[in-house]
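The following report describes selected features of one protein chain. Please examine the sequence and the structure shown here before reading on.

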Amino acid sequence: MFERFTKDARSVVKGAFAHVEGGGGGQVVEPEHLLLALLDREGSRGSFALAALGLAERRESVRQALGAARRRAGLSQAETDALAGLGIDVEEIVARVEEVHGAGAMAGDRKDKGWWSGRASFGRGAKDVLERSLRVALAQRDRYIGDEHILLALTMRPGVPAEVLADHGVTYESLVRVLYGGGGEAKAG
C-alpha cells in the first residue's frame, strides 16, 4: 500500500513514528500520532486544507486537546461525559492515579519500559486510518494516497482525533468542500 503514498503522506507516517520515538508515548503509532504529524506539515494538500479551515493558528490548541485526552488514558471528551453521567469522575480518577504513580501515569508513556528494544509499530487504530485513507482515495478517484486522504480518514474514524478536529471546525464534510469543492475535481494544492 505504501507504494501509492505521495511524498507528503510518507512524511506524515515518518512524522508519526518520530512522535512516538521522541517521547510521544508508548511504542505504538496511534491515530493521534498521525494527526500530530499532519499538524507539523507545511506546503501539502493536507496542510492547505487545515489552514483554509482556520486550524493553522490553532495548532497548539489541538495539541493541548490531544495531550489532555492522552492524560485521560485516551478517553475522548464524549466518553468522559458519558462516564460522568454514570457518576464516574474521570478527572478525579486521573488525579488519584497521578498522585500515587506520578504525572502522566495513565498516558502510557512510562519511562521504565527499558526491556523493550524494538522499533515502534502501527497500532490497530493507525492501521485502520491508513486503510481508510486508501478507501477515501479510491472514492475520490485519486490514483495516489496523499496526506489529505489520511486527514479525511482521521475525521471518519470515531475517537479522539476526529473529536478534537470537529471541536476545531474540521470535519469530513468541511474537508471535502475545501479539497474537492463538493464535486469530484481537486481544488486545493
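A residue is called buried if its relative accessible area is under 20%, exposed if over 50%, and partly exposed in between, with a 1.4 Å probe and protein chains only. The model is predicted, and local features need pLDDT of at least 70, side-chain atom pairs count only at pLDDT 80 or more, and totals for chains, interfaces and linings use all residues. Residues are numbered from 1 along each chain as its sequence is written, and side-chain values use heavy atoms, with hydrogens and water left out.

| Residue | Relative accessible area | Class |
|---|---|---|
| Phenylalanine 17 | 12% | buried |
| Phenylalanine 122 | 21% | partly exposed |
| Arginine 141 | 77% | exposed |

Rings of Phe, Tyr and Trp (its six-membered ring) pair if their centres lie within 6.5 Å; planes under 30 degrees apart count as stacked, over 60 as edge-to-face and the rest as tilted. The ring centres of phenylalanine 17 and phenylalanine 122 are 5.1 Å apart and the planes stand at 70°, so the pair is edge-to-face. Phenylalanine 17 belongs to helix H1 (residues 7–24) and phenylalanine 122 to strand E2 (residues 121–122), so that distant parts of the chain, 105 residues apart, are linked. Helices (H or I, at least four residues) and strands (E, at least two) are DSSP runs, numbered from the N terminus.

Two packed helices are described by the angle between their axes and the distance between the axes. Helix H3 (residues 45–52) and helix H8 (residues 147–156) pack at about 50°, their axes 6 Å apart; axes are lines fitted to C-alpha atoms, for helices over the stretch in contact, and angles run from 0 to 180 degrees between N-to-C directions. H3 is therefore oblique to H8, since angles under 35 degrees count as roughly parallel, over 145 as roughly antiparallel, 65 to 115 as roughly perpendicular and the rest as oblique. Arg45, Gly46, Ser47 and Leu50 of H3 meet Asp147, Glu148 and Leu151 of H8, where contact means heavy atoms within 4.5 Å.

Helix H10 (residues 172–180) has buried residues Ser174, Leu175, Val176, Val178, Leu179 and Tyr180. These buried residues of H10 pack against H3 and H8. Just after H10, glycine 181 has a positive phi of about 60°.

Most residues other than glycine have a negative phi. Arginine 141, although not a glycine, has a positive phi of about 65°. Arginine 141 is located in the loop between helix H7 (124–139) and H8.
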